Amino acid sequence: MPRRDTARPMGRDARRSQPCHCAGRGRGAREPDMRVGVIGSGLQASRRLPAIAAHLRTCGVVIAGEEPASVELLASAHAAVIVPTWHHVIDDPSIDIVVVCTPPGAHREIVEASIRAHKHVLCEKPLTRRSADALALAQLAEDNGVLLKCGFNHRFHPAVLRAKQEIDAGRIGRPLLMRGLYGIGGRPGIEREWRSDANVAAGGQLMEQGIHLVDLIRWFGGEAVEALGMTATELFPIHPLEESGMAVLRGESGYLATVTSTLLQWRNTFELTVQGEDGYLEIRGLGGSYGDETLTVGARDDVAPFNEHLTYFRDKDKSWVKEWDHLVAAVNGEVPLMSDARDGAQAMLIVEEACRSQTRAHPIRHLTKGI
């Protein structure tokens, strides 16, 4: 079935059971026209809620979660109404957009119920625990005429957006080689977190953080058609999930790309480099513990002195705000939806295939034999 890049809002006025009136939005603020339900009260909800609550076109936020203390804290900070369960969010006819911030094990049920209730959805990555389920949800959203967005906020970092503009403008030529590193230092007790539970998480570190790099590589260079990978767990007791993973991708356009994601990066690091036919670019940092966000752009020149341009983006992380701005505009039919459910499903499939390749490939073993 052909991919749909956008969907028009479906009968928000008809669904709304009561008007939404938010005060204190500032001079010139237009009347808000969407109500939002947030499901989950962990770290991602705390990142999403400020952008939602401050937006001029969304208001009347309700929140449901399994941890009463964190739900109460978030609700009081952002003037949200607490409801008993996520089912109350789905059943509320006045809710236009559902934001799913739960662990992946709960995603499919909640997202499917939201779509069947004709609500637009922003769901954190990975969309589900298996790519086949994510693809099924993408089809269901298309069939019901609603938007299902995967939470790939990294696309909205300023250095990443600028890099995409440079590539699209042809300033470095066709991407030929990309290299990504995304790592953090694992925490004591990490084995007790949901991310270390193979029955809840969609995968290990390659799926948890590395999937952002996979998404950006696809966005910069086009679709990946081959994937090989290796994973390891040597320090933290989280097996069968990996603490480190590496993948090699081949693009349909001919590029090669590597993705490394690990819990053994004792200084938090984000790096993505792109070597093109006519130049290169390097993205480093995400702000905060990852260091200043920078973009370096250089031209290929075999004769002239070496020259490149470095830009620092020192403002606080606004990727959450920009991603929410984009979704609201897409729901209103003003822009095509970016990083939709099919993007989320395809990035998952690439990670899955890279991990599965370990059991299918035949690496050369015993390299020291005969020495």
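1. A salt bridge is a side-chain nitrogen of Lys or Arg within 4 Å of a carboxyl oxygen of Asp or Glu. Side chains of opposite charge can pair when their charged atoms come close. A search of the whole structure finds 28 salt bridges.

2. This is a predicted model: local features need pLDDT of at least 70, side-chain atom pairs count only at pLDDT 80 or more, and totals for chains, interfaces and linings use all residues. Residues are numbered from 1 along each chain as its sequence is written, and side-chain values use heavy atoms, with hydrogens and water left out.

3. Start with arginine 35 and aspartate 92. They form a salt bridge, with the closest N and O atoms 3.6 Å apart. Arginine 35 lies in strand S1 and aspartate 92 in the loop between helix H4 and strand S4, so the pair ties together parts that are 57 residues apart in sequence. Helices (H or I, at least four residues) and strands (E, at least two) are DSSP runs, numbered from the N terminus. Arginine 35 is buried, at 9% relative accessible area. Buried means under 20%, exposed over 50%, and partly exposed in between (1.4 Å probe, protein chains only).

4. Next, lysine 125 and glutamate 208. Their side chains meet in a salt bridge at 3.4 Å, N to O. Lysine 125 sits in the loop between strand S5 and helix H6, and glutamate 208 in helix H8, so the pair ties together parts 83 residues apart in sequence. Both lysine 125 and glutamate 208 are buried.

5. Last, a network. Salt bridges link Arg155, Asp215, Arg218, Glu223 and Asp343.
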